Structures are given as structure tokens and as C-alpha cells.
Amino acid sequence: MTMSILKPSRSAAEHQLALAAARLAGKGLLKPGDQLSQRIPEQDAFVRVSITAGRDAPGEFEWFKLSDRITDLHHRIYHARPDVGAIAAGRPAWTSWLSRIDLSMPGIFDEQIRHLGLEAKRVGMSSHDDAPIPALSKGANAYCLDDVVLCFGMGVERLLLNIEILEKCAECFVLAQSTGARVRRIPWLIRYIANGRLRKDQKEAAERHLRGERSILKAGY
């Protein structure tokens, strides 16, 4: 069996990404102009698509070699974080408020920490800035830039779940903040266990991606 048969075709990867983009756009989690991308480790590449107004699914895809010179935000993220298998860069309504009120969102739900990390950090930079993002080293899967929200997953399937978790948590946090009430973090032991499980999954995903393999979606908590 040849390697060309073993490797998924570009059309299959584009189809999967188009379905994911259509789902997120249909739920209002991505808007026209927002971007979605997926690492294709077996091809040492990633594919990116932009949400287009008036279309059920995007029709134009951009392919980039991961080994080429780094030219944009998605490329920098994949280079800095080998565990990341998919990226959404968009403007979901509630999470975008964190940038407007200039706040990071702490871990307030165990599911949030399990899949997104200890906080959704506010990062004072634009997605167009050609500069490293030091906060990426913290290993979180959500960041609020000046103009976009970044949400990561170890694969497309995990990203679809993560961005929904992020937006639901942001809605609760922003509404609580608006009342002036104190928002309590969950106990440290739960934070420790949940984040530890995330780090373990990220380590396994990074190892698979660096071997040229897709990450595996873990079932359950």
C-alpha cells in the first residue's frame, strides 16, 4: 500500500473543516471574516478557511506547510504549541466581552479547566501583530486578544466542544461580573486534578502530532 493511499486526501480534510465551520457559523460562534484551521500532521501542514457571509459552508481553503517560514498567527500557534490540532480565531459574543472589559476569565467550572486550562487570558495584542505570544506557554486553550478570541483543540472535534464550553462559561462570568458580585474560583484540588488531566492529554497529542499522526479524542471527563 502506498503512502498516498495511507494519507487522507486534501479534499477529505477540507470537507471536515467545512462541516466544522458551518456548524460554528450556524450557532453564531463564528462570524463572517472569522477563521478556522486544522493541523494535518501526516502532511506536515495546516489548512485554513474563512467564514463567508451568505454561504452555508466555506468554499476556499488555504494550505500551508508547517516547515515553511512562519507568516501568520495560526502558523505561529502551531509552531509554539505542538499539542494544538485546530484553531478558531473569531468573535463569539460573550467571550469577546472579556476583551472589551479587559479581563481574563479565571477557572470557575471544572469542565472549563479540564478542557480550556486555568484561565482564558486577556492578551493585549492584535491578531495582526507579528510578535510571539508568551502566554501560549501556559498551555491554556483560550485567549482573548484585542480583536479576536482564540480557542484551541487537540483536533477539530475537541475544538467544536471547547468553543461551546468557552462561550457558555464566558456568559456566566460576564453576567456575574456585571452584578458586582464576587466570582469565586473552584477549589484548588479540583483545579489541580482537572488541569493535570488536560496537560496529560496535551502531552499525548503533541507526541502524536510530532510523529505525523492525528490526536485521539478522549471520551468522558
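In which helix is Asp201 found?

## Asp201 and its surroundings

Asp201 is found in helix α7 of this predicted model, and with a relative accessible area of 10% this residue is buried. Leaving aside residues up to four places away in sequence, Asp201 touches Arg114, Met154 and Lys218. Met154, one of these partners, is also among the residues closest to the centre of the largest pocket, to whose lining helix α7 gives the most.

## Confidence of the model

The mean pLDDT of the protein chain is 91, and 94% of the residues reach 70 or more.

## The largest pocket

The volume of the largest pocket is about 330 Å³. Its lining consists of 22 residues, and the ones closest to the pocket centre are Met154, Gly155, Ser215, Ile216 and Leu217. At least two lining residues are supplied by each of β1 (35-40), α5 (110-116), α6 (156-179) and α7 (188-210), and the greatest contribution is that of α7, with 5 residues.

By residue class, the lining of the largest pocket holds 9 charged, 7 polar and 6 nonpolar residues.

## The second largest pocket

For the second largest pocket the computed volume is about 250 Å³. Sixteen residues make up the lining, and Gln35, Leu73, Ser127, His128 and Val148 lie nearest the centre of this pocket. Helix α3 (residues 73-80) provides the largest share of the lining, namely 3 residues. The lining of the second largest pocket comprises 7 charged, 6 polar and 3 nonpolar residues.

## Nonpolar cores

The largest nonpolar core has 35 residues, of which Leu24, Leu36, Met105 and Leu166 touch the most other members. Two or more residues of this core come from each of α2 (10-26), β1, β2 (45-50), β4 (86-90), β7 (142-144), β8 (149-153) and α6, and α6 gives the most, with 10 residues. A second, separate core is made of 20 residues, including Phe46, Leu66, Leu136 and Leu145.

When residues up to four places away in sequence are not counted, Met105 touches Leu98, Gln112, Glu119, Ala120, Leu166, Cys169, Ala170 and Phe173. Leu166, one of these partners, is likewise listed with Met105 among the core residues that touch the most other members.

Ala18 has its place in helix α2. Its relative accessible area is 10%, and Ala18 is therefore classed as buried. The C-alpha atoms of Ala18 and Ser50 are separated by 9.7 Å, although the two residues are 32 residues apart along the chain.

Ile133 lies in the loop between β6 (119-122) and β7, and yet, at 9% relative accessibility, Ile133 counts as buried. Not counting residues up to four places away in sequence, the contacts of Ile133 are with Leu73, Val123, Met125 and Leu150. Leu73, one of these contacts, is also one of the residues that lie nearest the centre of the second largest pocket. From C-alpha to C-alpha, Ile133 and Arg76 are 8.7 Å apart in space, while 57 residues apart in sequence.

## Backbone angles at two aspartates

Most residues other than glycine have a negative phi. Asp44, which is not a glycine, has a positive phi of about 50 degrees. Asp44 is placed in the loop between β1 and β2, where its relative accessible area of 30% makes this residue partly exposed.

The position of Asp102 is in the loop between α4 (93-100) and β5 (105-106). Is Asp102 buried or exposed? Its relative accessibility is 51%, and because exposed means over 50%, Asp102 counts as exposed.

Key:
Residues numbered from 1 in each chain as written. Predicted model: local features only at pLDDT ≥ 70, side-chain atom pairs only at ≥ 80, totals over all residues. Heavy atoms only, no water. 1 Å grid on protein atoms, 1.4 Å probe; cavity = no way out; pocket = protein on both sides within 12 Å on 5 of 7 lines; lining within 4 Å. Points joined across faces, edges and corners; volume = space filled by probe spheres on them. Helix = DSSP H or I, 4+ residues; strand = E, 2+ residues; numbered from the N terminus. Nonpolar A, V, L, I, M, F, W, Y, C, P; charged D, E, K, R; others polar. pLDDT = per-residue confidence, 0-100. Core = buried A, V, L, I, M, F, W, Y, C linked by side-chain atoms within 4.5 Å. Buried < 20%, exposed > 50% of the residue type's maximum accessible area, 1.4 Å probe, protein only. Contact = heavy atoms within 4.5 Å.
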